[in-house]
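Hello,

Here is the structure I promised to pass on. Please open it first, then read my notes below.

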Amino acid sequence: MTNPTVQRAFAPDLLAGQVALITGGGTGIGRGISLALARHGADIALVSRKLANMEPTAEAIRGLGRSVLALEADVRDREAIDRAVGRALEELGRIDHLINNAAGNFLAPASELSENGWRAVVDIVLNGTFNVSQAIYPVLRDGGGGSIVNITTRYVATGAPFMAHSGAAKAGVLNLTRSLAVEWGGDGIRVNAVAPGLVADTEGARRLVETIDLVEDYRLQVPLGRLATADEVADAVLFLCSPAAAYITGVELAVDGGAALGGHFKAAAEKIKAFYEESKRSRAH
Ligand code: NAP
């Protein structure tokens, strides 16, 4: 669902003449990001392992009148990534923005997590983010600068029971965000992160939580009282790519309805409010 207020908040030509490469850009949050950037004038290179996951989004981007490439590559495979970046540059003429959004995740107790399971998630999330960032760096530098936005997650701040592999990998991505922001700032490259809370309309979240009915438990921890949409995460990415964020680098922007503040405080706040209202009522009598 597209938020019409935000559509008016950003000029439709905000990213006109620019190109963004988005890993995992065909599905879920990545699709939301791809469409948001395309709606604001950017041409798009989608990168993921399966063409079928990118085609519907590529079609939608073409429908918006933007150029789009769907490039099959695994972020763990540095040579395949170099080829994808080379093709994007050749066919779209430039690259201004990289969104490291591709990830893998599953629920498993840390005590039983296989070596392969740990390695797969860390490889995709942390090594993949590094691979694509390093591959694109000379393109951004030689093009006079640009921006990188890494998609982290709310639980980087809190730890993630049954997702130790993903939490540890995403924490690595956050630190990488800060290191690269410092190292590449002199080249005019801004590096930021967006940390979504649970997003309602994604396959990834559905797989993780709907199967064991955690959505309501999660929602109760969110001060704003609802889950995020992929479009709301995409709008934060759009902002960080835009000239409005020209002096912002090395930050992690939470798009979590305040969930990182801690659900136990929300429950406590509701109890305190009830207690306060009750005391007021008794004082009035
Ligand atoms: P998703 O629907 O599971 O999509 C993941 C995407 O990454 C797919 O397009 C997939 O395409 C691609 N991908 C996976 N492994 C890849 C690899 N090795 N190489 C290249 N591409 C790969 O994910 P999502 O739920 O939208 O999440 C998107 C991002 O937001 C992730 O970084 C996730 O950690 C983060 N996040 C999500 C939530 C949430 O509630 N959904 C909350 C916080 C953070 P292929 O299969 O074609 O490769």
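Helices (H or I, at least four residues) and strands (E, at least two) are DSSP runs, numbered from the N terminus. This is a predicted model, in which local features need pLDDT of at least 70, side-chain atom pairs count only at pLDDT 80 or more, and totals for chains, interfaces and linings use all residues. Residues are numbered from 1 along each chain as its sequence is written, and side-chain values use heavy atoms, with hydrogens and water left out.

First, the overall picture. The protein has 10 helices and seven strands. Its C-alpha trace spans about 75 × 50 × 40 Å along the principal axes. The radius of gyration, taken over C-alpha atoms, is compared with a globule rule of 2.2 Å times the number of residues to the power 0.38. For 285 residues, a compact globule would come out near 19 Å; the protein has 20 Å, which agrees.

Contact means heavy atoms within 4.5 Å. Of the contacts with a separation of 6 or more, 74% join residues 24 or more positions apart.

Next, the inside. Buried means under 20% relative accessible area, exposed over 50%, and partly exposed in between (1.4 Å probe, protein chains only). Buried residues make up 48% of the 285.

A nonpolar core is a set of buried Ala, Val, Leu, Ile, Met, Phe, Trp, Tyr and Cys residues joined through side-chain atoms within 4.5 Å. The largest one has 33 residues; Ile33, Leu37, Ile44, Ile99, Val149, Val194 and Val237 touch the most other members. Elements giving two or more residues to this core include strand 1 (19-23), helix 2 (28-39) and strand 5 (146-151). Helix 9 gives the largest share, eight residues. Apart from this core lies another, of 30 residues, with Val75, Val139, Leu140 and Val191 among them.

Ala52 lies in helix 3. Is Ala52 buried or exposed? Ala52 is exposed, with a relative accessible area of 57%. Ala52 and Asp231 are 179 residues apart in sequence and 22 Å apart in space, C-alpha to C-alpha.

Phe162 is found in the loop between strand 5 and helix 6 (164-184). Phi of Phe162 is near 70°, a positive value in a residue other than glycine. Most residues other than glycine have a negative phi. Phe162 is partly exposed, at 49% relative accessible area.

Best wishes
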